[in-house]
Amino acid sequence: MDWTRLGRVVITGHRDHTSAVCSDLQVDAVPLAGPAAVAHFLWGDDDPGNGAHPRDVTAQSPLPLPGGYRVSYLRLAPGSQTDYHTFIRDTFGNNADQQHPGFHRTPTVDISVVVQGTLRLELDDGTVDLEAGAVVVQNGTNHRWSNVGDDEVVLATVMLGTPASAPPVSAQG
């Protein structure tokens, strides 16, 4: 895949009562805390029902408000997780687990697709290894990601803001 095109965002809307492309732009990669963890914060909106076009997510909080959303790609190099752990601590603040580097819990439902590589999802009760094509629905749980393969991992995510007081989703036993 041509990663130089990874940050392309095409926004559609209405013009003269017809559907149309309103914007076609390239979003630059953002080194998170070093070269081993890079993100493309593509787009987001905290009031998507207002009829306006979505706004550039880089001008907003990394976490959406209830009813809002964020769209991003995360790229993790194989090996050291130090850059990723630093990013989580610096970006998510109080949502980061200070006792367990890289772990975090956000008031969001995250729908993530592993685009490339082998990614480990670590939860309080164990781990799940995911290959390209796997989809994870993260329901505000404490978790962290790590690249456990030999190639770069690419994870595409849509974060949907939920009320901070929303009850957690229970595991089915």
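Student: Why is aspartate 16 called exposed?

Tutor: The model is a predicted one. In it, aspartate 16 has a relative accessibility of 69%. A residue is called exposed when this value is over 50%, so aspartate 16 counts as exposed.

Student: Where is aspartate 16 placed?

Tutor: Aspartate 16 lies in the loop between β1 (8–15) and β2 (18–26). Its phi is positive, about 55°, although the residue is not a glycine.

Student: Histidine 17 is found in the loop between β1 and β2. What makes histidine 17 buried or exposed?

Tutor: The relative accessible area of histidine 17 is 83%. The cut-off for an exposed residue is over 50%; histidine 17 is therefore exposed. Histidine 17 also has a positive phi, near 65°, and is a residue other than glycine.

Student: Why is valine 115 called partly exposed?

Tutor: Valine 115 has a relative accessible area of 32%. Buried means under 20% and exposed means over 50%, with partly exposed in between. The value of 32% falls between these limits, so valine 115 is partly exposed.

Student: How many helices and strands does the chain have?

Tutor: The chain has one helix and 11 strands. Read from the N terminus, the order of the elements is β-β-β-β-β-α-β-β-β-β-β-β.

Student: What share of the chain is buried?

Tutor: Of the 173 residues in the chain, 39% are buried, the label for a relative accessible area under 20%. The chain exposes about 9,500 Å², and carbon and sulfur atoms supply 53% of that area.

Student: What share of the contacts joins residues at least 24 apart?

Tutor: Among contacts between residues at least 6 apart in sequence, 57% join residues at least 24 apart.

Technical notes:
Residues numbered from 1 in each chain as written. Predicted model: local features only at pLDDT ≥ 70, side-chain atom pairs only at ≥ 80, totals over all residues. Heavy atoms only, no water. Buried < 20%, exposed > 50% of the residue type's maximum accessible area, 1.4 Å probe, protein only. Helix = DSSP H or I, 4+ residues; strand = E, 2+ residues; numbered from the N terminus. Contact = heavy atoms within 4.5 Å. Areas by Shrake-Rupley, 256 points an atom, 1.4 Å probe, with all protein chains shown as cover.
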